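Biologist: Can you walk me through this one? I'd like to go over the chain contact, a loop residue and the domains.

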Amino acid sequence: MKRREFIQCMLPVAGFPLVFPMWSVAKTLGGPSELQRFLDTPEDGRVLVLIQLSGGNDGLNTVIPYSDDLYYNARPNLAVPASQVIGLNDDLGLHPQLAPLRPLFDEGRLAIVQGVGYPNPNRSHFKSTDIWLTASDSDDLQDTGWLGRYFDLIAPPDAEGNPDNGDSFGPPAIQIGLTSSLALLGKNPKGISLTDPLAFYNLVNRQGDSHSGEPTPEPQTPAERELAFLRSTAAAAFEYAGDIRTAADNSTNSVEYPDESLAQQLAIVAKLIAGGLTTRVYIVSIKGFDTHASQVNRHETLLQALGNAIATFQQDLDNLGIADRVVGMVFSEFGRRIRENASLGTDHGTAAPMIFFGNAVKGGFHGPHPSLSDTLGGDLKHIHDFRQLYATVLEQWFSFDSQQVLGAAFPTLSLLDTTTSVKDAPAMPSEWFLSQNFPNPFNPSTSLRYGLPESSEIDIAVYNMLGRQIATLFRGRQSAGQHTVTWDASGHASGVYLIQLRSPGVKLTRTVQLVK
Amino acid sequence: MKNPSTENIAYLRGRRKDSGAKPHTGIDTWGPAQARHLLRRTGFSATVQEVETVAALPRDQVVELLLTEEFPDKPFAWIDEPYNPRGWTREQRQQWQATNRERLRELRDWWFRRLLRGPYNLQEKMLVFWHGHFVIEQSNVKVAQYMYNYQAMLRRNALGNFGTFVKEMYKEPAMLIYLNGRENTAGNPNENFARELLELFTMGIGNYTEADIKEAARALTGWRIRREDNSSYLDLRRYDADQKTFLGKSGYFTGDHIIDIILEQDATALFICRKIYSWLVNPEPDEARVSELATLFRSSGYEIKPVLRSILNSDYFYETNNVGAIIKPPIQLVLDTARLFDATDQDFNYLSRASAVLGQELFSPPNVAGWPGQRGWISPLLLATRSAFGELAIKGGRIDRKNYRGTGLSIDTMQFARSFGTDSARELIDLWEQHLLTIGIDDVTRENLLNLLLEGAEEGDWSLNYPGVEDRVKNSLAQFLRLPEFQLM
């Protein structure tokens with residue numbers, strides 16, 4: 001079955017609200033209570049970020065068995081010389097372009113799960129991608145995505161068929177890009193895809209309530225079924241666009257990201273998480289890994305982009321004080337052949353390493369490297385089934401019975417250490433920060449988070465646009481770590497104000513807007 | 001101009017109010033509604049005038065007109081310029097890159113011009129289908145000459161013989177670059193092309209083994225690009241002349257032999273007919289009909305025209321179950337909008353860019369499997385952008401803000417409104433519904449559209465000369481184009 005076919009097999013979305021829910025407009029203003037609730041219940045705030053490497057990443061040139069002669073024999077032109085490999089232990093190391101990941105590995109925040117694949121590997125990009133995204137057996141493709149099924153189970157539709165998203169602030173999942181991932185395909189629309197939060201909001205508002213007609217009866221024809229799908233898509237956009245914009249307005253990246261697609265996608269993700277969305281899953285992707293020819297430069301460029309993006313993202317999460325809540329998972333539809341081809345490239349292969357990163361990750365190597373001599377006709381035999389990793393994430397990160405999602409019990413790995421993460425105190429900031437206030441604009445009160453790398457005397461004050469101090473929010477000694485301060489602006493006029501945090505040698509300022 | 005028939009409105013309403021009624025069979029019907037459906041599916045919709053003309057002809061005659069081929073002269077002098085970068089300086093290379101970029105733009109704009117040119121345009125539209133089937137990507141192939149030659153190869157074969165088509169396709173320089181055919185040599189096979197040939201271009205997955213891929217790759221070795229004239233040739237020094245075993249047959253097979261064996265497989269005719277049916281009739285193919293078409297395809301020696309003729313002259317093509325079942329691809333949305341409003345002299349660069357913003361850029365499919373189509377065209381973001389495109393087409397404006405160039409889509413809304421020959425707002429709404437939408441709308445939506453058109457005026461007072469009527473016309477038409485119904489074909 002082809003992707004095209006089973007997208008069409010998607011169930012009709014009967015009874016989805018056809019009139020746009022106007023309450024969601026009011027919700028777009030947000031409120032401190034939402035942020036507070038969110039911050040107060042961190043175990044609900046766990047986020048999974050998927051990084052998809054499209055095209056089949058060459059695992060052997062990503063995590064390199066640099067002590068193995070078989071590797072060098074199989075790749076006379078493509079092998080990375082041992083002297084250039086970033087050795088992580090005596091046998092294995094990273095491609096030199098992944099140098100930015102070395103500190104994470106040393107800190108125990110980067111896990112490499114070796115030899116991830118599945119039985120009877122399929123070497124078609126599309127089939128293998130579908131197998132991964134739907135968590136299927138190689139010969140029996142399921143028609144929904146693994147995360148789509150998870151969301152169906154945690155938020156089953158109510159009696160009217162509407163998904164019960166509770167008090168959510170934002171959609172269950174967000175994909176950065178134009179289209180929604182098959183991984184999110186379920187009974188109801190789960191994911192919002194976007195490339196820019198503000199542009200998305202403006203577009204959706206322009207679209208407005210394009211359907212103001214009667215609720216449609218049960219679709220009778222393919223045309224009516226597709227119409228119902230279009231209407232539910234428009235409704236989902238309308239429901240979430242405000243949340244997403246508010247979250248984006250609400251936060252700022254603490255570091256500058258490289259001007260490159262994957263990094264820029266992750267910058268948006270960091271902003272949205274820090275901005276308070278309750279979204280659990282984010283999906284970003286980078287393509288071009290199908291390196292059949294002239295692989296060396298192309299693969300280097302891709303790995304450089306990947307390493308820089310992850311390192312910057314993690315730094316941002318650390319600074320923003322949300323690193324405990326986020327785990328990243330890097331995957332590709334397959335690895336590549338052990339032996340290089342005649343075009344200075346590699347053809348489609350099988351198993352490859354998966355990379356996990358985050359504070360909750362148990363760093364280091366998980367499992368042995370697949371053998372380069374005991375192979376599957378020149379391809380790596382897998383050590384781990386990718387569904388074991390899905391099960392691990394579902395059980396250990398989302399505390400959910402993975403068998404319900406995966407249809408079978410896949411043994412989990414000891415990969416995520418949730419006892420020390422999340423419930424612990426937020427990570428110690430490595431540098432000073434003052435985050436954008438939430439909500440903004442606000443009335444009458446708003447909150448800001450700030451962080452100190454060391455215990456210090458500080459002063460947080462509010463100034464009007466004439467530079468006159470009108471309130472002091474905190475003055476005194478503050479411990480190292482992350483803190484929140486709230487300004488109740490009752491009694492002040494609408495307008496723009498500056499909130500400034502000062503300490504010897506430190507001055508951080510945020511502009512806030514009071515609208516009465 | 002006389003009013004278009006109103007039977008279609010009655011039909012649309014009838015179906016809406018009684019959606020459980022027996023499906024419309026279309027057997028005894030050939031009228032404006034059917035003509036509109038045919039022209040939308042085989043081209044990019046039609047003006048009010050064109051629908052009338054076509055509906056007045058016998059259906060089979062219209063189908064023959066649609067199957068007429070036309071081969072334009074080479075539109076640009078640079079097409080025959082050899083591409084030979086050997087020994088270029090850095091400056092020369094940079095200059096070539098700028099020139100090449102401009103040529104690709106020219107070529108794409110020219111294709112859009114051809115796509116928009118008239119109601120009988122199936123050949124040109126089939127190019128888009130085949131482009132999404134025998135995929136190449138500009139980002140990989142780069143050279144504008146190769147892109148034009150590839151496109152000309154599609155045009156030569158779009159309505160021709162599928163066997164000839166595949167044999168020409170794999171020798172095209174663009175394809176030799178895109179799927180590494182030119183790096184596929186004796187002793188060092190590169191199986192990229194062979195895999196996609198079987199999986200995506202001819203048989204479909206599940207009908208061959210990994211060993212068949214390897215053997216096919218061997219037979220396809222040795223093809224290289226000839227720099228002098230942008231053509232290709234078989235270099236025997238790189239060709240694997242040994243015996244191969246492919247799909248159970250053994251012999252000293254060449255690439256053409258491999259194609260011949262592929263054409264002997266039932267799977268091939270079924271795979272291609274299923275894809276044509278999905279694209280032209282209904283994304284959920286009726287397997288019995290696909291099977292009939294496949295039999296016809298094989299018995300005609302893989303001629304494409306008989307398959308298309310059979311579909312377009314069938315009654316099922318016009319059935320309610322198939323009308324409106326397809327979500328318009330971006331190119332369709334963009335060109336439909338231009339043609340429905342008779343806006344033919346266009347800023348083709350905008351049309352091409354708008355289609356790209358909506359997810360379909362000619363010469364740049366997302367990957368070797370082509371555009372996924374149907375619900376793959378839609379996400380909350382893309383749907384909102386489509387809706388913005390429709391609104392801006394009526395009110396003036398573009399959905400691509402970057403690198404602003406040209407005028408955007410320019411539609412004369414008042415001329416369009418007057419072409420229906422009535423001053424009744426209610427009648428106009430009914431006629432616009434019939435002309436613009438594939439499936440009917442409900443009464444509440446229709447009243448909303450009418451209210452936008454009247455905007456406070458009494459129905460009896462309203463006319464196309466009413467003060468401030470142009471804004472009212474635009475508001476109502478913009479709302480028509482924002483309806484989810486407008487996304488269906």
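Modeller: Two residues are in contact if their C-beta atoms, placed from the backbone, lie within 7 Å. Keep in mind that this is a predicted model, where local features need pLDDT of at least 70, side-chain atom pairs count only at pLDDT 80 or more, and totals for chains, interfaces and linings use all residues. Residues are numbered from 1 along each chain as its sequence is written, while chains are lettered from A and ligands numbered from 1 in the order in which they are written.

Biologist: Is N359(A) buried or exposed?

Modeller: N359(A) sits in the loop between β10 (352–357) and β11 (364–366) of chain A. Buried takes 20 or more other C-beta atoms within 10 Å of a residue's own, exposed 12 or fewer, and partly exposed is in between, with C-beta atoms placed from the backbone. N359(A) has 23 C-beta neighbours inside 10 Å, so it counts as buried.

Biologist: How many residues of domain 2 of chain A are in contact with domain 1 of chain A?

Modeller: The domain assignment, automatic or from a database, gives domain 1 (3–168 + 187–406) and domain 2 (433–514) in chain A. Domain 1 of chain A brings 16 residues to the contact, and domain 2 of chain A brings 12 residues.

Conventions
Helices (H or I, at least four residues) and strands (E, at least two) are DSSP runs, numbered from the N terminus.
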